[in-house]
Amino acid sequence: MIYTVVVLYLNLLIVHVAVTFDYNKPKWPVPYRRFDRRPDVDSFCEAIYPFCPTGDRDGRIPDLRDSDVISVYRLQTPVWEFKYGNLLGKMNIMHDAIGFSSSETGANFTMEWYELFQLGNCTFPHLRPDVYAPFWCNQGAACFFEGIDDLHWSQNGTLEKIGEITGKQFNEMARWVQNDNQTGIYYETWTVRSDPGPNATVWFESYDCSQFVHRTYRKLSQLGAKLSSRTQTNYTKIYLYSGEPAFLGNDSSIFGQPAL
């Protein structure tokens, strides 16, 4: 019973921050909500480890020559591998990213999408005495930086070349990343389903590092890239199970405070 209550409560919170819910005609899974701008960060939200310390915090990517040939790499490593090594890898809690290498310049790049204020803040809200509604520090964003830390990715995870693209395809992908990064701003940890079975209904999809990698692969495929892996790729999912969610309202109607 306690587990069921937690599931339903989190469903409400997920609807509140990151989806567009039509309570007259619910569509499952509920579409992820896109925004026209990224809001300012509340000073209450603090990161233990700073976001994107060596890269561009806005996900900006430099142009490469159209004639360049860019190698694409699948990157995967245990979450917080830099601090705990393979500890979370033993529980299959992995972080995903994409690597690029320019044949013309020899420069390597890493691109990843993750939480601004660590995973816990994107998974559970805070209760603040001056705010009636549950308060979230759950923004996520793309980080693009020069270099690929071979040891970080390969020691306890994966560093595998999965294809090549042209500089023109890379530049078109970079413009797509900018738009994706500016409109998809909230991290969602949970995938919420009706039950564990193969025919379960998905109520809410997660929106995390692996989903960003999937979106980028799809975009590259649309641009004509041929990507393939020699090994099966497994991604981390955290599932919640519940009956069909019911829309109860937003911050304004429930807590008397403006909704996002």
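Mentor: Here is a walk through the aromatic pairs. First, the model is predicted, so to speak for its local features we need pLDDT of at least 70, side-chain atom pairs count only at pLDDT 80 or more, and totals for chains, interfaces and linings use all residues. Residues are numbered from 1 along each chain as its sequence is written, and side-chain values use heavy atoms, with hydrogens and water left out.

The whole structure holds 17 aromatic pairs (rings of Phe, Tyr and Trp, the latter by its six-membered ring, with centres within 6.5 Å; planes under 30 degrees apart are stacked, over 60 edge-to-face, the rest tilted). Take Phe44 and Phe135: their ring centres are 5.4 Å apart and the planes stand at 90°, so this is an edge-to-face pair. It ties together distant parts of the chain, 91 residues apart, with Phe44 in the loop between helix H1 (2-18) and E1 and Phe135 in the loop between helix H3 (118-123) and strand E4 (140-146) (helices, H or I, of at least four residues and strands, E, of at least two are DSSP runs, numbered from the N terminus). Phe44 is partly exposed at 35% relative accessible area, while Phe135 is buried at 16% (buried is under 20%, exposed over 50%, partly exposed in between, with a 1.4 Å probe and protein chains only).
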